[in-house]
Amino acid sequence: MSHNSIHWFRKGLRLHDNPALIAALKDCRHIYPLFLLDPWYSNNTCIGINRWRFLIEALRDLDASLKKLNSRLFVVSGPPTEVLPKLFEKWKITRLTFEVDTEPYSQSRDKEVMKLAKECGVEAIPKISHTLYNIDRIIDENNGKPPMTYVRLQSVVKDIGPPKKPVPAPTKEDMKGVSTPSSEDHEEEFGIPTLADLGLDTSSLGPELFPGGEQEALRRLDEHMQRTAWVCKFEKPQTSPNSIIPSTTVLSPYVRFGCLSARTFWWRLTEVYTGQQHSKPPVSLHGQLLWREFFYTTAVGIPNFNRMEGNPHCVQVDWDNNPEHLAAWREARTGFPFIDAIMTQLRQEGWIHHLARHAVACFLTRGDLWISWEEGQKVFEELLLDADWSLNAGNWQWLSASAFFHQYFRVYSPIAFGKKTDKYGDYIKKYLPVLNKFPAEYIYEPWKAPRSIQERAGCIVGKDYPRPLVEHDVVHKKNIQRMKAAYAKRSSEDKDDKTITKGVKRKERSVLDMFEKKAKR
């Protein structure tokens with residue numbers, strides 16, 4: 001039997017290592033590569049202009065790659081549960097394929113879509129390729145609970161074995177006998193929208209430092225993998241949060257959107273490492289991919305993972321509600337140049353170094369402003385190109401010392417931390433040009449500069465640049481005591497329920513597990 005197949009692109013915006021796409025082409029007569037602009041995301045998630053631009057670029061790149069195979073991309077707006085049944089009928093579809101997505105909304109959506117597909121007589125085939133492993137397999141191998149430490153995750157995946165090798169991208173040979181029907185008005189009905197079509201204001205857009213798309217992802221991967229010595233010596237904590245040129249790969253946006261397969265990245269690293277002395281997890285590049293796997297696994301296994309309330313692994317903290325301080329942090333008006341430079345880079349470019357994320361997250365939460373990590377999570381979700389539901393929630397819990405990391409007394413200084421790797425404040429001067437005439441001794445603390453120096457610099461603190469929101473040396477000590485109290489309360493509650501700190505055993509299988517038992521190795 002020959003099929004009419006829809007391959008539904010979601011995060012896996014690539015042709016390489018796309019087993020669901022390969023499944024769509026098997027015994028296929030007509031293939032319809034589809035991307036849905038799901039209004040749920042726009043209505044429930046604030047997405048910044050940089051992320052929209054990256055997505056549109058990724059879709060254009062995907063369409064160009066498909067055209068080389070005599071196919072093309074179909075872009076449709078609307079809820080999947082409404083759009084797909086109509087397309088099943090219109091295109092006489094017999095098979096639907098897609099890459100598994102473990103986020104809660106995606107799981108509930110896909111469960112409903114699979115039900116509708118069955119009712120329409122359409123075979124639904126989900127395949128795992130966004131993560132290194134089948135996340136449910138990791139949880140099952142850990143007695144039905146998510147591994148709550150990185151070391152435990154390492155132990156579980158060691159027993160499972162290395163990740164599956166990536167599958168090759170489809171070729172013209174694979175497309176023999178397969179066609180993509182389209183009409184002359186295809187672009188009008190199914191074309192990729194522009195940012196203007198989406199009603200987005202592009203006036204704030206800066207230069208496109210990280211163009212979206214699979215081809216750019218593979219180009220950047222090749223470029224980094226040729227730096228054999230750098231790859232082998234790479235240790236994440238030794239990189240600089242405030243270097244003018246990024247000191248890490250900046251492949252995270254490409255992995256997040258699936259322009260680059262995590263498995264492809266893993267095995268390319270393995271090739272580079274073979275026969276060489278190299279760094280090891282957790283600090284190596286392999287280690288970074290395992291951190292991603294760690295947060296994906298905990299996000300599947302812990303209820304209410306992106307919230308404090310109802311999250312059994314998260315310390316319940318009496319965060320303050322201070323809209324003025326939150327807005328000042330979000331808009332780079334804290335009065336601490338290192339923090340404000342990072343938040344400016346984030347808004348302008350959509351990416352900041354992981355240690356820069358540590359600094360601003362600690363500052364917002366337990367370090368200085370005592371504002372909930374959930375608020376910071378929302379801002380990162382909007383502004384980061386690589387904002388990923390699981391990693392965003394997990395890292396904010398970690399950096400606020402609400403879960404995973406419990407040394408709440410270790411606080412990043414918004415002054416001293418940046419000086420370690422940028423003594424003269426070049427990074428600050430790049431992103432906060434109002435301060436670029438301050439001498440190095442005052443660039444991190446301009447409020448301490450004598451009035452005469454402020455005047456010579458053409459920047460009066462309190463007028464041209466804000467005074468600090470808080471006095472760090474005072475407030476961070478007070479906040480340590482508040483965290484201590486929250487931990488003490490948690491400790492007394494744990495005596496009544498000792499299972500909390502060890503994770504929560506799932507009562508039922510997730511949708512991911514129902515999706516693909518065959519993916520277990």
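**View 1. Asn392 and the residues it touches.** Leaving out residues up to four places away in sequence, Asn392 touches Gln377, Phe380 and Glu381. Keep in mind as you look around that this is a predicted model. Asn392 is found in helix 18. Is Asn392 buried or exposed? Its relative accessible area is 7%, so Asn392 counts as buried, the cut-off being under 20%.

**View 2. Trp398, also shown in its helix.** Trp398 has its place in helix 18, which covers residues 389-399. With a relative accessible area of 23%, Trp398 is partly exposed. Which residues does Trp398 contact, once its neighbours within four places in sequence are left aside? They are Trp291, Phe295, Ala403, Phe404 and Phe405.

**View 3. The chain by domain.** The domain assignment gives domain 1 as residues 1-129, domain 2 as 131-165 + 213-301, and domain 3 as 323-472. Between the C-alpha centres of domain 1 and domain 2 there are 26 Å. To the contact between them, domain 1 brings 17 residues and domain 2 brings 20 residues.

**View 4. The area buried between domain 1 and domain 2.** About 1,800 Å² is buried between these two domains, and carbon and sulfur atoms give 51% of that area. Which three residues supply more than any other three of the area that domain 1 buries against domain 2? Look for His16, Phe54 and Ile128, which together supply 33% of it.

View 5. Zoom in on Arg263 and Asp17 and you will find a salt bridge whose closest N and O atoms are 2.8 Å apart.

**View 6. The side of domain 1 that touches domain 2.** Helix 3, residues 49-67, gives the largest share of this side, with 6 residues. How does this side divide by class? It has 7 nonpolar, 5 polar and 5 charged residues.

Key: Residues are numbered from 1 along each chain as its sequence is written. This is a predicted model: local features need pLDDT of at least 70, side-chain atom pairs count only at pLDDT 80 or more; totals for chains, interfaces and linings use all residues. Side-chain values use heavy atoms; hydrogens and water are left out. Domain bounds come from an automatic or database domain assignment. Contact means heavy atoms within 4.5 Å. Buried area is the accessible area (1.4 Å probe) that two parts lose on being put together, summed over both. A salt bridge is a side-chain nitrogen of Lys or Arg within 4 Å of a carboxyl oxygen of Asp or Glu. Helices (H or I, at least four residues) and strands (E, at least two) are DSSP runs, numbered from the N terminus. Ala, Val, Leu, Ile, Met, Phe, Trp, Tyr, Cys and Pro count as nonpolar, Asp, Glu, Lys and Arg as charged, and the others, Gly among them, as polar. Buried means under 20% relative accessible area, exposed over 50%, partly exposed in between (1.4 Å probe, protein chains only).
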